[in-house]
Amino acid sequence: YQRRVHGVNLFGFASRNESLLIHLDTSTDTAMGVRSLLNQQVWVGWPYYRRARVQMVADCMQSISSSRVENHTAEKSAMFQKEADAHCAMVRLRQGVALASVRVLVYVHWCQGITRSAEGAAVPVWSYSLACYPLQLVSGSYSPSPHPRFAVESTPLQPGEEVIFLGKGSYDPLERR
C-alpha cells in the first residue's frame, strides 16, 4: 500500500488529501487457467463483495463461456486490452486499488435476491445483464454456510404443541397444530 494524493472518489467526490492506495499483485492466470470458474458461484467486487455466478472468462487471446471458446482476432484483442485498462483506472479511482495489469476479465450475473421454490427451497435470482470484474477482485470460493452467530436453530414440533401462526394477511392468536 502507499499514501499519496490519487484523487480516489469518495462519496461521489474526488479526495483532495492523501488516500491509501492498495496494490494488488498481477494475476498470471489465463482464461483457460480459470475455466473451472464457469457456472460457479463466487464473490466479486472486493472490498464490497457481492454474490455472483460466472458466465464467461476472457483474456487477450480468447473468450470462454460454458457453450463455446472464441479465439480473438487482433481487433478483438485490442478491444480487450482497452477494456482491461479502463477497469484498472476505474478500480483505482473508485476503490483505491491499484492493479498493475489486468490479464483476465470475469463476466458474471449478480445475485439479485433469493426466492422460495414450490418445495420451499431457497433459489437465487440472477440478473439478466452481465457485469465485468478483473480476476484479482474475484474470490473463487463461495461458502453458503452462514456465520454460526446467524445460524437458525430449529427444533422439530410435536403434534399438539402450541405455535404462533403468522398467516398471509393476518396474525392469528395461539393455535393448536
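**Close-ups of a predicted model**

**View 1. Arg51 and its polar partner.** A polar contact (N or O atoms within 3.5 Å, one able to donate a hydrogen and the other to accept it; residues adjacent in sequence count only through side-chain atoms) of 2.8 Å ties the side chain of Arg51 to that of Gln41. This is a predicted model, where local features need pLDDT of at least 70 and side-chain atom pairs need 80 or more, while totals for chains, interfaces and linings use all residues. Residues are numbered from 1 along each chain, and side-chain values use heavy atoms, without hydrogens or water.

**View 2. The salt-bridge network around Glu70.** Salt bridges (a Lys or Arg side-chain nitrogen within 4 Å of an Asp or Glu carboxyl oxygen) link Arg68, Glu70 and Lys76. Glu70 meets Arg68 at 3.7 Å, N to O, and Lys76 at 2.7 Å. Arg68 is exposed at 53% relative accessible area, whereas Glu70 is partly exposed at 22% and so is Lys76 at 38%.

**View 3. The two faces of helix H1.** Buried here are Phe80, Ala84, His87, Cys88 and Val91. They cover an arc (taken from the directions from helix axis to C-beta atoms) of only 100 degrees, so they lie on the same side of H1. The face turned away from that buried side carries exposed Ala74, Glu75, Met79, Lys82 and Arg94.

Terms used: Buried < 20%, exposed > 50% of the residue type's maximum accessible area, 1.4 Å probe, protein only. Helix = DSSP H or I, 4+ residues; strand = E, 2+ residues; numbered from the N terminus.
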